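Please look over the sequence and the structure before reading on.

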Amino acid sequence: MAFDPVKLAEDTEAFCQEVRPAEELAYAERKFNDQVVPLAKKYNLLGMNVHPEYGGRGADAVNYFKALARIGREGTTVRTFFSGHLSIGAYPIQTWGSERLKQKYLPAASRGDKVLAFGLTEPDAGSNPREMTTTYTKKGDGYVLNGVKYLISNGGIAHAVIAFGYPEGEVGTGRISAFVVDTDAKGFEAESFAVNAKMGMPTSNTAMFEMHDVAVPAENLLGTEGDGFRIALGTLVSGRLSVAAGCLGVIEDCLAEAIEYSKMRKQHGKEIARHQLVQDHIAHIEMDRVASESMVLRAAEMKDRSAAEPGDKELLRQADLLAAQAKFFTTNAAWDAADRAVQVFGGRGWSTLYRPGRHLTDVRVCRIYEGTDEILKLKIAASVLGKEWEAFK
Ligand SMILES: Cc1cc2nc3c(=O)[nH]c(=O)nc-3n(C[C@H](O)[C@H](O)[C@H](O)COP(=O)(O)OP(=O)(O)OC[C@H]3O[C@@H](n4cnc5c(N)ncnc54)[C@H](O)[C@@H]3O)c2cc1C
């Protein structure tokens, strides 16, 4: 069936309207929002960007990221679930998995029977994944994995995770491989972060997991052995765009909230929207929105062009760079927009009972995961200075 962008937008809107009260209740109770998956299932959003052959809707990057931007308005938590499940979960399986692997995971993921996650980060390997210590050995027909992955979105609710590791004896060589690991495998243990230990996103699931001699069938290798670094970096292009799109949604919501509140709230004898310094905040949020929207759209269009010409290295390079630029810009713009919306709300803004306060604490992580501000700035600087000026290799 041909992809229908209007139907995706309608279903996304219906999902967002239904998820909002559930998210607000979960936030007030500071507990995991267990309604995201069932509602996403109800509106057939769990395979938005998965090819129809594997049970998805087959959305292109532009329409997928429009949907994520709409979902982003409901909060960084809700959008992060989709990033973990689709942008960095299903995407590498669809892009580098064998036909058998795609059939094994993607239809179930699109139906919502399998939640996915992506495990690259380790306690001692964050900005530099080469420093990971997870290892694998070949055994019989498959592999055996050992290691710890840390701060993994959906990690405690996933049925399968993408996990990366070195062949035993080759740690530090950069020659990592990527596997799809079932979380019910013997020796796999996940532990979710306590809600009180988080500064934001209390309604999300973030977890660490340990693999002790976890047996993985040979068919669960992504690409070929040694492809892991390429797969991780390629997946981050998709992941960074999803974060950027979600942050655009955060900005849109902050703008809507600031407009509505400032037109209603009166101080010094008039609506605060009539005070020029309040208008300064609103003008800045609007500029955050306009600039972010064009950067996300441009990066998504390039992602689509690159996907249409998979052998074109220059298109791939541009898609990678535009995604990094969009992610760096929009995450900082969303932080600025949330901060300004909090200021417009005054004392109420400081409370997480109101949307700007929740956006502010939740969106902060977007400047850390999927490439920190610093790593992205170094990448962007190297793109204009030239490869020989790269601050790190
Ligand atoms: C809520 C949440 C969800 C996450 N979800 C996932 C997930 O689903 N999957 C996953 O694999 N990971 C996930 N992460 C992990 C995230 O990607 C890492 O936290 C991030 O990459 C940074 O790594 P780190 O925390 O080890 O920080 P570090 O790498 O230790 O960095 C600490 C600081 O040093 C700076 N720094 C490091 N190296 C350099 C350098 N060369 N030059 C300049 N500055 C540098 C960094 O920018 C940062 O400011 C998640 C994290 C959080 C908080």
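Predicted model: local features only at pLDDT ≥ 70, side-chain atom pairs only at ≥ 80, totals over all residues.

## The ligand and its surroundings

The ligand is surrounded by 18 residues, and the closest are Phe118, Thr121, Ser127, Thr372 and Glu374. By class, this shell consists of 10 nonpolar, 6 polar and 2 charged residues. Domain 2 (118-222) and domain 3 (228-389) both contribute residues to the shell, so the ligand lies between them.

A backbone N or O atom of Phe118 is 2.8 Å from a ligand nitrogen atom, and an N or O atom in the side chain of Ser153 lies 2.9 Å from a nitrogen atom of the ligand. An oxygen atom of the ligand is 2.7 Å from a polar side-chain atom of Thr372. On its own the ligand has 970 Å² of accessible area, of which the protein covers 66%. Two or more residues of the shell come from each of β1 (116-119), β3 (142-153) and α10 (373-385).

## The annotated C-terminal region

An unreviewed UniProt entry annotates residues 226-384 as "domain: Acyl-CoA dehydrogenase/oxidase C-terminal". Over residues 226-384 the chain is 78% helix and 3% strand, with 29 Å between the end C-alpha atoms.

## Two residues with positive phi

Arg30, in the loop between α1 (5-29) and α2 (36-42), has a positive phi near 50 degrees although it is not glycine. Its relative accessibility is 34%, so Arg30 counts as partly exposed.

Asn44 is located in the loop between α2 and α3 (61-72). The phi of Asn44, another residue other than glycine, is positive and near 55 degrees. Asn44 counts as partly exposed because its relative accessibility is 37%.

Terms used:
Residues numbered from 1 in each chain as written. Heavy atoms only, no water. UniProt positions renumbered as here; feature names shortened; annotations may be inferred. Helix = DSSP H or I, 4+ residues; strand = E, 2+ residues; numbered from the N terminus. Buried < 20%, exposed > 50% of the residue type's maximum accessible area, 1.4 Å probe, protein only. Near = heavy atom within 4 Å. Polar contact = N/O pair within 3.5 Å; in protein donor to acceptor, adjacent residues only side chain to side chain. Areas by Shrake-Rupley, 256 points an atom, 1.4 Å probe, with all protein chains shown as cover. Nonpolar A, V, L, I, M, F, W, Y, C, P; charged D, E, K, R; others polar. Domains from an automatic or database assignment.
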